[in-house]
Amino acid sequence: MRVSVALFTADLRVHDNPVLQAALRDAERVVPLFVVDTGIRRTGFAVPNRAVFLADSLADLDAALRARGGRLVARVGDVVEETCRVAAETGAAAVHIAGGVSHYAARREDRLRAGLAGDRRELRVHDASLTAVPPGALTPAGKDHFAVFTPYFRRWESFSVRGVLPAPDAVRVPDDVHSAGLPGTESLASGSTSPSLPVGGESEARRKLRSWLSGPLSAYDDQHDDLAADATSRLSPYLHFGCLSPTELLHRARAQDNPGAHAFVRQLAWRDFHHQVLAARPDAADHDYRSQHDRWRRATKEIEAWQDGRTGYPIVDAALRQLRHEGWMPGRARLLAASFLAKTLYVDWRVGARHFLDLLVDGDVANNQLNWQWVAGTGTDTRPNRILNPLVQARRFDPHGEYVRRWLPELRHLDATTVHRVPHLDEATRAGLDYPAPIVNLASAAARFRERRGVG
């Protein structure tokens, strides 16, 4: 009897899963395996918010496999050692895994390949699983990746994306393979969680997808930057954990063929763009992609005020408070919060990226780190010295002040005209609001940034 292992990583689904389908084609029996990797836990990336979502997702995946006659096999330990142990115990000829783009994923693949080769087993890596267009599939002449989004997007749009794979009808697992039991939140991470987290898992992902496609998607082009409208898909956590296939999402969005769908597809392209950058430059997770030779400030009190949503600039504070409450925030809010830290306060982008990763349910190394670098001007932005003025941005993307009042209860009684003018109010008036004075003067901060960057 031929056995193969499907090692789940960031692809926790049964629909459109190239790893699972390849393992099923490869053998009569398949071990659907997830390893609670102690190496990942030591890095601090298994933070409480994502641990809750992961526990939900694993339970849902197990239920989906059981509905098909199988089950999820869980192990705890070093992912390579545990995977090789399962392969040896079951006599598996091959292990299938989705290709990753980080330093960690590359090391994991190298170690798995070496560990399995000793027993004459094979590692099969599937690159069309975590992104719609595989990293490295599109390259400019003489280079290993695109460094600018627009030419990448032109090529990306014409790429022949693979078709959507069906969920399997049946999954037959070897009878005697041992499972440690599904991990709960407490075994994955410790610490407090945000009070309003989304439910994890493929079932919830597909429910949200149906809802998104049935109407809200059509308005995405007009409303995605409207902070009060809450008009984004909120599918990013499900893409991050692979509860939803980016390939299926792309096909189904394109089938809508309206301006909202076209704008949404462009965001999926941005996701693929960042993955192909990180695949080619894994060090960009921690180091400047394009160094500006910044001499970042060590502004401890200002960093704490930013993290707590107490900067004195309502639109920035609302974004940071939403992050702490939901473990999520819309893209425009992320840009505003990041620009304020990196450009206005002139604080190292890595400080902000770390804070986001500590809280975001969709905290993804490729998208989080490279978006932060884009905002900080150390990444792929062709205008690295632009500064987003929080007052201008507030008037444009929260014109009635609804988003600010939603997340700053101390300002809920203020009207739309006043709420964004709070930083300009006199000290006595502001004291009555129980809201802090601005921690920085925008004009002075902009001048400091230009002086540090050496631009006029």
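1. A crossing of two helices is called left-handed if the near helix is turned anticlockwise from the far one by less than a right angle, and right-handed if clockwise. By that convention, the crossing of helix 8 and helix 11 is right-handed, where helices (H or I, at least four residues) and strands (E, at least two) are DSSP runs numbered from the N terminus.

2. This is a predicted model, in which local features need pLDDT of at least 70 and side-chain atom pairs count only at pLDDT 80 or more, while totals for chains, interfaces and linings use all residues. Residues are numbered from 1 along each chain as its sequence is written, and side-chain values use heavy atoms, with hydrogens and water left out.

3. The axes of helix 8 (residues 202–213) and helix 11 (residues 246–254) come within 11 Å and cross at roughly 20°; axes here are lines fitted to C-alpha atoms, for helices over the stretch in contact, with angles running from 0 to 180 degrees between N-to-C directions. Helix 8 and helix 11 are therefore roughly parallel to each other, a label given to angles under 35 degrees, with those over 145 counting as roughly antiparallel, 65 to 115 as roughly perpendicular and the rest as oblique.

4. On the helix 8 side, Arg-206, Leu-209, Arg-210 and Leu-213 meet Glu-248, Leu-249, Arg-252 and Ala-253 of helix 11, contact meaning heavy atoms within 4.5 Å. The residues of this contact divide into four nonpolar, no polar and four charged, where Ala, Val, Leu, Ile, Met, Phe, Trp, Tyr, Cys and Pro count as nonpolar, Asp, Glu, Lys and Arg as charged, and the others, Gly among them, as polar.

5. The whole structure holds 29 salt bridges, each being a side-chain nitrogen of Lys or Arg within 4 Å of a carboxyl oxygen of Asp or Glu. One of them pairs Arg-75 with Glu-89, with the closest N and O atoms 2.8 Å apart. Arg-75 lies in strand 3 (residues 73–77) and Glu-89 in helix 4 (residues 79–90), so the pair ties together parts that are 14 residues apart in sequence. Arg-75 counts as buried at 5% relative accessibility, whereas Glu-89, at 45%, counts as partly exposed; buried means under 20% relative accessible area, exposed over 50%, and partly exposed in between (1.4 Å probe, protein chains only).

6. Asp-308 forms a salt bridge with Arg-324, the closest N and O atoms being 3.9 Å apart. This pair links distant parts of the chain, Asp-308 in helix 13 (residues 300–308) and Arg-324 in helix 14 (residues 314–326), 16 residues apart.
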